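Reader: Please take one part of this structure and go through it closely. I would like to look at the place where two chains meet.

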Amino acid sequence: MTITPSEITRRQMMRRIGLTALVAGPAAGLLSSCATSGGGTSAAPSTAAASTGGASSASNPFGVKPDAPLEVVIFKGGYSDEYATQAHEPLFNKEFPKATIKHQGIQTIGTTLTPRFASGDVPDVVNNSGTDNLDGGALIGAGQLLDLTPLFDAPSIDDPSKKVRDTIVPGTIESGMGGDPAKPYTLNYVYTAYGLWYDANLFQKENWAPPKTFDEFKSLAEKIKAKNITPYAYAGKNASYYQYWMILISAAKIGGNQILLDIDNLKDGAWTADAVKQAATAWAEIGKFMDKSYEGLIHTEVQTQQNQGKVAMYPSGSWLENEQAKDTPSTFAYAIAATPSVTAADQMPYEAVRAAAGEGYVVPSKAKNAPGGLEYLRVMLSKEGAKDFTEKTKSLTVVLDSTEGLTLSPGLTSVAAVQKAAGTNVVTYSQFEGWYKELETELRKQTNALMFGRISADEFCTKMQAAADKTKADSSIPKQTRNV
Amino acid sequence: MRISRPVLRKYGFIAAFLIVPLALYIVFFVSPNLQAFQLALTNSRGISPDFAYVGFDNFRTLFADDVFWAAVRHHLLILLVLPIVTIAIALFFSFLINLGGGTKRGQLSGVLGSGFYKVVFFFPQVLAVAIVGVLFQAILRPDKDGILNSALGLVGIDPVGWLINPNLALWTLVGVAIWQGVGFYVVLFSAGMASVPKEVFEAASIDGAGRFTLFFRITLPLVWNTVQVGWVYLGIAAFDLFALVQTLSVDRGGPDDSTTVLPLEIWRTAFTYYKFGYSSAMGVALVFMVLTFAALTLRVTRRERIEY
């Protein structure tokens with residue numbers, strides 16, 4: 001089974017959505033109905049240090065016993081497992097030379113580890129990923145996972161005056177929350193940014209700059225059109241969600257993340273809010289520059305057109321460069337830009353981007369060397385650990401400023417720059433995509449209708465509100481809520 | 001009650017042979033179908049053994065569901081067009097292949113190269129429907145790179161949005177279904193024509209019947225039974241079309257639900273929305289539609305069988 005990193009990123013993300021669904025609480029739907037062992041068992045040891053009796057210190061905050069063996073299980077998929085065997089594990093061994101590390105790189109995380117969780121003989125770190133992964137919600141429900149709060153509150157390896165939580169991209173911790181009450185059980189390690197992708201070389205040659213406002217967007221589009229290039233396109237046949245991401249990001253930039261929280265929480269009138277209307281109107285204007293045929297193309301077809309210089313800007317996430325690696329000519333340099341601002345009074349600056357963390361790592365609560373597991377994650381979250389990961393996997397991590405001194409691909413360099421520019425201005429990820437599939441299906445449909453000119457922005461909002469109301473009124477759909 | 005020996009000997013023998021296929025049929029066909037009826041009355045989400053009976057709630061929701069009615073409307077349109085066009089084309093071809101070539105050495109035969117055509121027409125039937133879908137993705141691509149559109153481009157016609165124009169998309173899909181289906185019915189009708197004694201055609205031919213008369217007055221009535229079977233097959237096919245819609249249409253059933261069909265909605269409701277109860281209710285509705293169609297067709301098209 002070979003899986004490209006891009007697929008993993010997206011799949012990971014979907015699962016993360018599933019996991020976070022449990023933040024929601026009692027009515028948490030599908031996943032919680034699997035987790036039949038029920039919510040009340042938050043028996044996770046508060047600090048694992050107590051149970052193993054190692055002495056904790058500033059450099060050893062979890063009190064790892066220096067000679068305690070550590071068992072690490074890594075999903076050997078698109079990222080392979082060299083980043084663990086050749087980077088993270090040696091780094092851990094540098095701290096604790098006496099510890100022997102047992103490493104397992106496998107694809108069947110779920111099949112292999114389910115019986116071990118059942119018997120209580122669990123590894124200390126698990127990279128829970130791939131199609132055959134463990135049901136995170138069920139594990140949380142059964143009290144099988146360790147609360148990672150001590151990890152995020154521990155001092156950072158690079159700068160002991162800082163807590164780990166302050167050295168990673170905002171939103172990372174929340175993305176790994178689960179259970180009721182919600183606690184961070186999963187460390188999502190890989191960073192994905194969403195925005196408009198373009199060929200930096202082409203833009204430089206033509207003296208174009210990525211637009212910062214929609215007015216600039218439109219005037220640039222005219223210029224690009226004059227060159228016989230499609231200014232902007234997405235694939236309507238199977239990837240209309242790439243487009244609705246853009247509309248939702250714009251709505252969040254106008255009205256703040258609260259707009260997206262309201263949509264996720266099925267708040268009355270969430271879709272008819274001014275911010276959503278303005279975002280839909282702005283994007284519908286851009287849709288007019290798109291040939292009708294894009295509604296019938298799939299994402300790889302449009303992406304290849306961009307590689308051939310026929311499409312100037314394309315909405316996607318940071319897996320794009322890897323996904324297109326085979327088709328990208330050497331003259332093509334991927335770069336990402338944040339979505340343009342819609343109004344001058346936008347709540348978030350132009351630099352704000354949607355960023356999401358994926359690829360989960362957990363520490364089982366019954367791990368024999370749980371402090372070691374936490375320490376291993378702390379090593380992963382060090383700049384060196386993150387840098388090694390990026391080098392080996394060509395993917396960015398959630399660790400801030402961890403790419404110094406690395407020669408990154410053009411696309412990754414640009415993602416890192418956008419990440420830095422955004423700072424704490426992070427547009428949140430919409431959870432309804434995983435929670436309410438009927439609403440999501442309707443949004444895909446109406447996004448195509450809006451962007452290809454069959455309905456107006458007002459109709460778009462009314463129809464989406466009607467769909468949201470229908471979901472809200474449907475008692476057979478378990479409801480979920482989120483606060484962050 | 002004791003079963004008499006001769007009866008037991010006669011039917012026991014047959015039953016012994018039937019027991020295995022019958023068991024398979026019951027386990028894998030009859031029982032799932034019955035279970036669908038049961039599930040249609042529940043709020044099952046398909047992933048848990050716990051569900052409640054909700055009576056006819058699912059059906060009430062169904063009858064108020066716009067997408068369901070859109071799908072039903074599409075089935076009716078397909079039902080009007082797909083069988084008639086397919087049968088007309090197939091009859092025409094099989095007539096030409098078998099009888100349309102005039103008399104040679106005192107025998108009616110097909111047009112020149114009819115053996116070759118027979119094979120070519122049957123080709124699409126050999127392809128799995130998923131492959132047909134992938135082939136037509138390239139053929140019907142909406143920009144000028146599409147095979148059909150680039151051919152049209154040679155004569156100066158702008159690219160046609162075969163599958164992206166909501167008014168055209170359904171008919172494009174029906175066209176693909178016809179393309180794929182014709183070959184099978186050519187073979188079916190050819191077999192039907194081959195079972196009619198040649199003397200009948202020759203007698204008509206000698207009496208001065210032209211090809212037109214030969215077809216409408218002699219051939220068609222004589223293969224009517226076969227046509228009727230074909231009609232039922234095609235009618236049932238008109239209630240499917242899942243794979244073509246799934247592989248070819250915009251966002252599965254789009255644009256704007258203009259190509260959606262019931263099997264697709266059943267699939268989506270079950271495996272995307274995890275509403276197995278509601279999905280089963282759709283399935284039950286579909287079963288009744290297919291049964292009604294089959295019963296009606298067999299009744300309406302009933303004719304006296306002609307004994308040769």
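Author: A term is needed to begin with: a salt bridge is a side-chain nitrogen of Lys or Arg within 4 Å of a carboxyl oxygen of Asp or Glu. The model is a predicted one. In it, A:D474 forms a salt bridge with B:K275, and their closest N and O atoms are 2.5 Å apart. Across the interface of chain A and chain B, six salt bridges are found by this rule. Eleven residue pairs, both partners at pLDDT 80 or more, are in polar contact across the interface of chain A and chain B.

On the side of chain A that touches chain B, α2 (29–34), α14 (299–307) and α20 (437–451) each supply at least two residues. Of the contributors, α20(A) gives the most, with seven residues. Sorted by class, that side of chain A has five nonpolar, ten polar and eleven charged residues.

Next comes the extent of the interface. In total, 26 residues of chain A are in contact with 23 residues of chain B. The size of an interface is often given as the accessible area lost when the parts come together. Between chain A and chain B the buried area is about 2,000 Å², and carbon and sulfur atoms give 53% of that.

A helix of chain A can be set beside this. Helix α11 (residues 240–255) of chain A has 16 residues and reaches 23 Å from its first C-alpha to its last, close to the 22 Å expected. Because 15 of its 16 residues are buried, α11(A) is largely enclosed by the rest of the structure. After α11(A) comes A:G256, with a positive phi near 90°.

Terms used
Residues are numbered from 1 along each chain as its sequence is written. Chains are lettered from A and ligands numbered from 1 in the order in which they are written. This is a predicted model: local features need pLDDT of at least 70, side-chain atom pairs count only at pLDDT 80 or more; totals for chains, interfaces and linings use all residues. Side-chain values use heavy atoms; hydrogens and water are left out. Helices (H or I, at least four residues) and strands (E, at least two) are DSSP runs, numbered from the N terminus. The expected span of a helix is 1.5 Å times one less than its number of residues. Buried means under 20% relative accessible area, exposed over 50%, partly exposed in between (1.4 Å probe, protein chains only). Contact means heavy atoms within 4.5 Å. Buried area is the accessible area (1.4 Å probe) that two parts lose on being put together, summed over both. A polar contact is a pair of N or O atoms within 3.5 Å; within protein, one must be able to donate a hydrogen and the other to accept it, and residues adjacent in sequence count only if both atoms are side-chain atoms. Ala, Val, Leu, Ile, Met, Phe, Trp, Tyr, Cys and Pro count as nonpolar, Asp, Glu, Lys and Arg as charged, and the others, Gly among them, as polar.
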